[in-house]
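Try each task by yourself before you read its solution.

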Amino acid sequence: MSNRPRTRTVLRCGLLIVPLAVSAAACGDSSSQPLSAKPYDAADQISANTPDGKQKADPDKPLEVSVKGAEARITDVTATDSSGRYIRGELSADGRRWKTTVPLAAGTRYTVRVSTEDRKGAPGRKTLVVDTTDNTSSDRLGVTFGPDTGEYGVGQPVTAVLSKEISDPGQRAVVESALKVDSSPRVEGSWHWVDGKTLHFRPREYWPAHATISVHSNLDGLKITHKLYGGPAEPVKLTTGDAVEAITDAAAHHMTVLRNGEEINTIPVTTGKPGFSTRNGVKVVLGKESFVRMRSSTVGIAAGSSDSYDLPVHWATRVTLSGEYVHAAPWSVGSQGAANVSHGCTGMSTANAQWFFNHVRVGDIVEVVNSGGDTMTPFDNGFGDWNMPWKEWRDGSALKNKASSTTGAAEREQNSSADARLRPQL
């Protein structure tokens, strides 16, 4: 038998080392094959930059494993954290050294399994357990995902709100790369930084109907700055129902409701009159209220003026924070399907409003076309995310030079009060 170790192929981009000619080991007398032998304890041949069990590793430095002397070489290394996630690393071409290629997390235990081969080809094994320092004196960056776990429409963006402002592009990239959105079926999607504390995630197109979307963070323990590390976050799981889209043609005074691309209803409506034109563009259902009191004073209309109102409104489906609804408007039935007479909302008969209320859910699409109003803004009045072109959306990612996929955030913080954000307009 040759004293030279058999050739192994090293995958430089990962952890797996694939032995060549493995099939040869299945032929002949298996007792004479080194690969069939019980691995020997390679503890005396392996060293690490953190002595096993003696001190904690610095998470700011890569973990390195190497062999001593010339009697063996490393053939394979796998490293996992306490959750079983694999940590990427790279093995040198000569099999003498392996090191991690991604940052370690603070306060985490890693199990590192090292496979070796001696000069005669006999296999060896060594398992290292490495704990990283906790950095408890450092600040922690928290993240809150939204919306809550549940079923939503296909227009619902995923949101993430950070506990601290992040402005540095490199730090944003670290944070964003740790916020994971996985979906079945898989879609092309991306996070977009709304501001220093808020991110939204949406696909290039609407979510597929009946999709499952899982959102979680890998930030915990990850270094962001010298004194800031990621903290824990609660994951959320979303599902989508049927793809429901309500498209209102303000010029034709009709709303067409589609389910999974098929028309299920056409409803005569009235939208905003001149001076109060309904916003064009795509909006997302924010909530539903079976009854709401609408007062013109909450949107700046002087009491006693010709445009003032104070009315009980039923079957109100909210689509903006500023108070735009789809709702019952029995007082304007004569104009529905013929003229625009509202103060910005989409009005319909009581029966039609109740039908609409019962057939949509939070996250469904409500789109307005051919209105004289401005286009719905992306972030400051609810979820207008879909009105931003995809290229511009991707440019708002800190990882915009990388391929996007489902791998995200609450509504943008407002300078105005909560009451001002929730004003209904008729």
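## Exercise 1: One serine and its surroundings

Ser 66 sits in strand β5 (residues 64-67); strands (E, at least two residues) and helices (H or I, at least four) are DSSP runs, numbered from the N terminus. Before we go on, a word on the source: this is a predicted model, in which local features need pLDDT of at least 70 and side-chain atom pairs count only at pLDDT 80 or more, while totals for chains, interfaces and linings use all residues. Residues are numbered from 1 along each chain as its sequence is written, and side-chain values use heavy atoms, with hydrogens and water left out.

**Task.** Find out whether Ser 66 is buried or exposed, and list the residues that Ser 66 touches.

**Solution.** 
- Step 1: The relative accessible area of Ser 66 is 16%, so the residue is buried. The classes are buried (under 20% relative accessible area), exposed (over 50%) and partly exposed (in between), with a 1.4 Å probe and protein chains only.
- Step 2: Leaving out residues up to four places away in sequence, Ser 66 touches Gln 45, Ile 46, Ser 47, Ile 74, Arg 96 and Arg 97. Contact here means heavy atoms within 4.5 Å.

## Exercise 2: Charged pairs

**Solution.** 
- Step 1: Side chains of opposite charge can pair when their charged atoms come close. The cut-off is a side-chain nitrogen of Lys or Arg within 4 Å of a carboxyl oxygen of Asp or Glu.
- Step 2: Because Arg 140 lies in strand β11 (residues 139-141) and Asp 220 in the loop between β18 (212-217) and β19 (223-225), the pair ties together parts that are 80 residues apart in sequence. Arg 140 is partly exposed at 28%, and Asp 220 is partly exposed at 43%.
- Step 3: Arg 259 and Asp 242 form a salt bridge at 3.7 Å, N to O. This pair links strand β23 (residues 254-259), where Arg 259 lies, with the loop between β21 (236-240) and β22 (244-249), which holds Asp 242; the two residues are 17 residues apart.
- Step 4: Asp 395 and Lys 391 meet at 3.3 Å, N to O. They are four residues apart in helix α3 (residues 390-395), so about one helical turn separates them. Lys 391 is exposed at 62%, while Asp 395 is partly exposed at 40%.

## Exercise 3: Follow strand β9

**Task.** Which strands pair with β9, and what stands opposite Val 114 in β10?

**Solution.** 
- Step 1: Strand β9 (residues 109-118) is mostly covered, with eight of its ten residues buried.
- Step 2: Strand β6 (residues 72-80) pairs with β9 in the antiparallel sense over eight bridges; strands count as paired if DSSP finds at least two bridges between them. Val 77 has Val 114 in β9 as its bridge partner.
- Step 3: Strand β10 (residues 123-131) also pairs with β9 in the antiparallel sense, over nine bridges. Lys 126 in β10 stands opposite Val 114.
- Step 4: β9 and β10 form a hairpin with four residues between them, and Gly 121 in the turn has a positive phi of about 90°.
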